[in-house]
Amino acid sequence: MTRKLSYGEKFSILSRLEPSMFDLAKDNLTLKKVMPGQQLVQAGDLSSDVFFVMSGRLLAVKFTKEGREIVYSTIRSGDYFGELAAMDEGPRSLSVYSVGASEVWIMPASVFNHLMDQSTKFKRQVLKDMTVKIRHLSN
């Protein structure tokens, strides 16, 4: 889709960017409409895009060998995911699918990593967010 992120629709993480870096970010986002039940990411995939949730609710899950679904987190509007694969270029650790109709902005890993390299505030916020996720999973 060709719709661009407007300045008033900043995600918390993107609000840490300096204006020129925000412009770079928004110019490299692609909007995707997601249907209920649609999978965005499959565990083990080698894709590396980062997703910013504009609306809706998604689940990050893993399936056991017996087929049991384990929900690791609920991802809501304003959240983002995929930063691990973007940073380490490793396979996706969890599958992510939409619970209901959702919209996500997709950012290429190369742009995300450039923002990490160029903006200390952005990098610091990503690290803080990762810390929160790790603490949540370990409690």
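Begin by selecting S73, Y80, F81, E83 and K133: of the 30 residues that line the largest pocket, these lie nearest its centre. A pocket is here an open set of points on a 1 Å grid over the protein atoms alone, where a 1.4 Å probe fits, with protein on both sides within 12 Å along at least five of seven lines; lining residues have an atom within 4 Å of a point. The model is predicted, and local features need pLDDT of at least 70, side-chain atom pairs count only at pLDDT 80 or more, and totals for chains, interfaces and linings use all residues. Residues are numbered from 1 along each chain as its sequence is written, and side-chain values use heavy atoms, with hydrogens and water left out.

**The largest pocket**

The space in this pocket amounts to about 850 Å³, where a volume is the space filled by probe spheres set on grid points joined across faces, edges and corners. Next, colour β4, β5 (69-76), β6 (80-81), α2 (83-88) and α4, each of which supplies at least two residues of the lining. Helices (H or I, at least four residues) and strands (E, at least two) are DSSP runs, numbered from the N terminus. The largest share of the lining, seven residues, comes from α4. By residue class the lining divides into 16 nonpolar, seven polar and seven charged residues. In this count Ala, Val, Leu, Ile, Met, Phe, Trp, Tyr, Cys and Pro are nonpolar, Asp, Glu, Lys and Arg are charged, and the others, Gly among them, are polar.

**The four-stranded sheet**

From β6, move to the open sheet of four strands, ordered β1-β8-β3-β6 with antiparallel pairing. β1 (30-34) and β6 stand at its edges with a single partner strand each, so one side of each is left without a neighbour in the sheet. Strands count as paired if DSSP finds at least two bridges between them. Two bridges join the antiparallel strands β3 and β6; to see one of these, select F52 and its bridge partner in β6, Y80.

Now select V50, in strand β3 (residues 50-55). V50 is buried, with a relative accessible area of 0%; buried means under 20%, exposed over 50% and partly exposed in between, with a 1.4 Å probe and protein chains only. Apart from residues up to four places away in sequence, V50 touches Y80, F81, G82, E83, A86, W105, I106, M107 and F112, a contact being heavy atoms within 4.5 Å.

Then step to E103 in strand β8. E103 is also buried, with a relative accessible area of 16%. Beyond its neighbours within four places in sequence, E103 has contacts that include L31, K32, F52 and V53.

**The nonpolar cores**

Select L14, F52, M107 and F122 next: these have the most contacts inside the largest nonpolar core, which has 24 residues. At least two residues of this core come from each of α1 (19-27), β3, β8 (102-107), α3 (109-118) and α4 (120-138). α3 gives the most, with five residues. A nonpolar core is a set of buried Ala, Val, Leu, Ile, Met, Phe, Trp, Tyr and Cys residues joined through side-chain atoms within 4.5 Å. In soluble globular proteins, nonpolar side chains tend to be buried together.

Keep F52 selected and show its surroundings. Among its contacts beyond four places in sequence are F11, I13, L14, L29, Y80, W105 and M107. A second, separate core of 13 residues includes V34, V41, A60 and V104.

**Around strand β7**

Which way do the residues of β7 (residues 95-98) point? S95 and Y97 point one way and V96 and S98 the other, and all are buried. In a regular strand the side chains alternate between the two faces of the sheet.

Select Y97 to follow the pairing.

Follow β4 to β5, to which seven bridges join it in antiparallel fashion. R57 has R76 as its bridge partner in β5. Between these strands lie five residues, and G67 in this hairpin takes a positive phi near 90°.

Finish at E89, in the loop between α2 and β7. The phi of E89 is near 60°, a positive value in a residue other than glycine. E89 is exposed, with a relative accessible area of 65%.
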